[in-house]
Amino acid sequence: MDAIVRKTSQTMQPDETNRPSREEAEAAVETLLRWIGEDPSREGLLDTPRRVVKAYEELFSGYRQEPASILNRTFDEVAGYDDMVLLKNIDFTSHCEHHMVPIIGKAHVAYLPNGGRVVGLSKIPRIVEVYARRLQTQEALTEQIAGIIDGALGARGVAVMLEAEHMCMSMRGIRTKGSTTITTSFYGTFRDDKSEQTRFLTMVGAK
Ligand SMILES: [Zn+2]
């Protein structure tokens with residue numbers, strides 16, 4: 001059974017016509033190297049601009065993937081199962097949109113199937129990854145994951161919790177090493193029924 005996929009502002013398409021060339025991107029990295037006081041012509045750095053651009057291609061590949069298409073195949077042969085489906089401890093690495101420095105954490109994602117309609121378990125970590133591989137705030141990332149699952153699955157409820165360390169806080173400025181930021185987003189039953197919300201929080205070990 002195919003879910004009806006709701007288009008949202010989260011499904012952004014990059015502007016390919018104005019995209020800088022790979023050479024321009026590599027030149028920008030070389031400029032940054034010179035700006036921090038390096039000599040881009042020394043042997044160890046000769047290949048660095050090329051490597052950085054290649055790494056960025058992977059780390060920010062989420063702009064060229066359509067999250068809704070990951071969830072467009074659902075199935076209902078689950079013997080009438082309609083209780084919570086929870087994926088705990090999904091590792092993710094994202095980058096903060098303010099400093100382009102890593103955000104490293106874990107996502108816990110749960111939904112309550114509607115009419116026994118479920119999605120392949122591997123699809124949930126892929127959703128987390130597509131949004132994580134963009135520049136993010138933790139708040140927006142949390143909301144985007146919950147929103148797309150709510151929209152695409154028509155679930156009775158969706159709960160998302162992210163626990164993450166922000167390297168821009170750990171490595172610079174106030175240096176709050178080891179501190180984690182927790183964000184949550186609840187839709188449907190998880191928002192309206194406090195006992196269901198508590199059950200989710202207990203299962204993820206937050207309560
Ligand atoms: Zn930051």
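This short talk covers the sheet, the aromatic pairs and the nonpolar cores of one predicted model.

Colleagues, a word on conventions. Local features in this predicted model need pLDDT of at least 70, side-chain atom pairs count only at pLDDT 80 or more, and totals for chains, interfaces and linings use all residues. Residues are numbered from 1 along each chain as its sequence is written, and side-chain values use heavy atoms, leaving out hydrogens and water.

I begin with the sheet. Helices (H or I, at least four residues) and strands (E, at least two) are DSSP runs, numbered from the N terminus. Two strands pair if DSSP finds at least two bridges between them. Five strands form an open sheet with mixed pairing, in the order β5-β2-β3-β6-β7. At its edges are β5 (135–136) and β7 (181–188), each pairing on one side only. Within the sheet, β3 (residues 102–112) and β6 (residues 157–166) run antiparallel and are joined by 10 bridges. Val-109 has Val-160 of β6 as its bridge partner.

Next, the aromatic rings. Rings of Phe, Tyr and Trp (its six-membered ring) pair if their centres lie within 6.5 Å; planes under 30 degrees apart count as stacked, over 60 as edge-to-face and the rest as tilted. The whole structure holds 3 aromatic pairs. Tyr-56 and Phe-60 make an edge-to-face pair, because their ring centres are 5.0 Å apart and their planes stand at 80°. For burial, buried means under 20% relative accessible area, exposed over 50%, and partly exposed in between (1.4 Å probe, protein chains only). Tyr-56, at 38% relative accessibility, is therefore partly exposed, whereas Phe-60, at 11%, counts as buried. Phe-186 and Phe-200 also pair edge-to-face, at 6.0 Å centre to centre and 85° between the planes. Since Phe-186 lies in strand β7 and Phe-200 in helix α8 (residues 194–203), this pair ties together parts 14 residues apart in sequence.

Finally, the cores. A nonpolar core is a set of buried Ala, Val, Leu, Ile, Met, Phe, Trp, Tyr and Cys residues joined through side-chain atoms within 4.5 Å. The largest has 36 residues, and those touching the most other members include Val-109 and Ile-124. Which element gives the most to this core? It is α5, with 7 residues. Taking contact as heavy atoms within 4.5 Å, and not counting residues up to four places away in sequence, Ile-124 touches Leu-87, Ile-90, Val-109, Tyr-111, Val-119 and Ile-149. Apart from this core lies another, of 10 residues, among them Phe-190 and Phe-200.
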